[in-house]
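Subject: Structure handover

Hello,

Below is the structure I said I would pass on. Please open it first and then read the notes under it.

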Amino acid sequence: MPIRVHLDRVLLERRMSLTELADRVGVTIANLSILKTGKARAVRFSTLAALCRELECQPGDLLLYEAGPSEDLPDDDEDA
């Protein structure tokens, strides 16, 4: 997937544990772990907003797009 998650780096910079973040945001540790390891296929905007609020960061601090060959992306013509 061309989207990379840098939650671990931001947590380290903020000296915050995954458990503390989970408590503050109201998301399970298991779900944050899935996001942290890059195995998440989606993230709700409300969750992203809560993460940014508690980590005092912007979405771009957590997510990075790396250009490369498309992976599992539908062609625009398939919707027609």
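Helices here are DSSP runs (H or I, at least four residues), and strands are DSSP runs too (E, at least two), both numbered from the N terminus. Axes are lines fitted to C-alpha atoms, for helices over the stretch in contact, and angles run from 0 to 180 degrees between N-to-C directions.

The model is predicted: local features need pLDDT of at least 70 and side-chain atom pairs count only at pLDDT 80 or more, while totals for chains, interfaces and linings use all residues. Residues are numbered from 1 along each chain as its sequence is written, and side-chain values use heavy atoms, with hydrogens and water left out.

Helix 2 and helix 3

Helix 2 covers residues 18-25 and helix 3 covers residues 29-36; they pack at an angle of about 115°, and their axes are 9 Å apart. In the contact (heavy atoms within 4.5 Å), helix 2 supplies Leu18, Thr19, Leu21 and Ala22, and helix 3 supplies Ile29, Leu32, Ser33 and Lys36. Of these residues, five are nonpolar, two polar and one charged. In this count, Ala, Val, Leu, Ile, Met, Phe, Trp, Tyr, Cys and Pro are nonpolar, Asp, Glu, Lys and Arg are charged, and the others, Gly among them, are polar.

The buried side of helix 2

Which residues of helix 2 are buried? They are Leu18, Leu21, Ala22 and Val25, where buried means under 20% relative accessible area, exposed over 50%, and partly exposed in between (1.4 Å probe, protein chains only). These residues lie on the same side of helix 2 because they cover an arc of only 100° around the axis; the arc is that of the directions from the helix axis to the C-beta atoms. They pack against helix 1 (7-14), helix 3 and helix 4 (45-55). Just after helix 2, Gly26 has a positive phi of about 85°.

Salt bridges

There are five salt bridges in the structure, each a side-chain nitrogen of Lys or Arg within 4 Å of a carboxyl oxygen of Asp or Glu. One of them joins Glu20 and Arg24, with the closest N and O atoms 2.9 Å apart. These two residues are four residues apart in helix 2, so about one helical turn separates them. Glu20 is partly exposed at 31% relative accessibility, and Arg24 is partly exposed at 39%. Arg53 and Glu54 also form a salt bridge (3.0 Å, N to O). Shared partners link Glu20, Arg24, Arg53 and Glu54 into one network of salt bridges.

Regards
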